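Thank you all for coming. I would like to walk you slowly through one structure, so please take a moment to look at it before I go on.

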Protein chains: 2
Amino acid sequence: MLLHIQFSPEPIPAALPALSLGSETGAFVEFRGFVRGEEGDHTIGGLVYETYQPMAEREITRIAEALVVDHPVQAVRILHRLGPVPVGEAAICLGVAARHRAEAFAFLASFMDRLKKDVPIWKTDTLPAA
Amino acid sequence: MLLHIQFSPEPIPAALPALSLGSETGAFVEFRGFVRGEEGDHTIGGLVYETYQPMAEREITRIAEALVVDHPVQAVRILHRLGPVPVGEAAICLGVAARHRAEAFAFLASFMDRLKKDVPIWKTDTLPAA
């Protein structure tokens, strides 16, 4: 499994080329998580993300290596934005390539659940609504 | 639910902007299905897709309207290529925008299962391996 991890304060590109390993790749799935205009019952202008990057990368790698045993995907790309992220923009983009779509879907859904639970990425603040 | 359906003999663009309805959209998921280099136990160079478009569009609309009841997504975009599709290129691209990722994942997985089963899109031929 190829694994690419990137944290950046820069906006995640609006469109990224699909991951593919060539003639053996039958499925690519991408998830983007956008900041919504409410947090709890507050209207917000954005969220601020922080991480402890060495630990976050280790945890992401650990989760991916555990999940690939049951869901044999070929390549995983995870981009996470740090710092202020305005409403409507993506905080995360996760792409998965696999032979068949069932593996890709299962990996993606499980990965996102584990990421939220186990990886030290925090929403440390909100930006005021415009 | 916004629903966009497009059949075309042209290649599906390598990267498409995410669907979003603005501050209410928290999740976007895209699936791409690529033609793989084997069909059964044959090595192939591609597949040829045909459809009866009026019926395919009706069925896709029917499936989407049924699924949105349980999985309240906001927008769905489906592009399907027709005619010859070489190995490594996408035959289908399905994008789903929703408030939360769980709805988007569930809609996407169910939609693909139903599409394969109920929509008159056929693989009518194979292209010889290079």
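How many bridges join strand 2 of chain A to strand 2 of chain B, and do these strands run parallel or antiparallel? Please keep in mind, as we look, that this is a predicted model. Between strand 2 of chain A, residues 27-34, and strand 2 of chain B there are 7 bridges, and the two strands run antiparallel. Within this pairing, E30(A) stands opposite E30(B) in strand 2 of chain B.

Let me widen the view to the whole contact, to which chain B and chain A each give 27 residues. On the side of chain B that touches chain A, strand 2 gives the most, with 8 residues, and that side as a whole has 14 nonpolar, 8 polar and 5 charged residues.

Now to the helices. Helix 2 of chain A and helix 2 of chain B, residues 101-118 in each, pack at an angle of about 170°, with their axes 11 Å apart, and since an angle over 145 degrees counts as roughly antiparallel, these two helices are therefore roughly antiparallel to each other. Where they touch, R101(A), F105(A), A109(A) and M112(A) meet R101(B), F105(B), A109(B) and M112(B), so that by class this helix contact has 6 nonpolar, no polar and 2 charged residues.

Finally, the core. The largest nonpolar core has 78 residues, and among those with the most contacts inside it are A104(A) and A104(B). Leaving aside neighbours within four places in sequence, A104(A) is in contact with residues including A27(A), F28(A) and V29(A).

Conventions
Residues are numbered from 1 along each chain as its sequence is written. Chains are lettered from A and ligands numbered from 1 in the order in which they are written. This is a predicted model: local features need pLDDT of at least 70, side-chain atom pairs count only at pLDDT 80 or more; totals for chains, interfaces and linings use all residues. Axes are lines fitted to C-alpha atoms, for helices over the stretch in contact, and angles run from 0 to 180 degrees between N-to-C directions. Helices (H or I, at least four residues) and strands (E, at least two) are DSSP runs, numbered from the N terminus. Angles under 35 degrees count as roughly parallel, over 145 as roughly antiparallel, 65 to 115 as roughly perpendicular and the rest as oblique. Two residues are in contact if their C-beta atoms, placed from the backbone, lie within 7 Å. A nonpolar core is a set of buried Ala, Val, Leu, Ile, Met, Phe, Trp, Tyr and Cys residues joined through C-beta atoms within 7 Å. A residue is buried if 20 or more other C-beta atoms lie within 10 Å of its own, exposed if 12 or fewer, and partly exposed in between; C-beta atoms are placed from the backbone. Two strands pair if DSSP finds at least two bridges between them.
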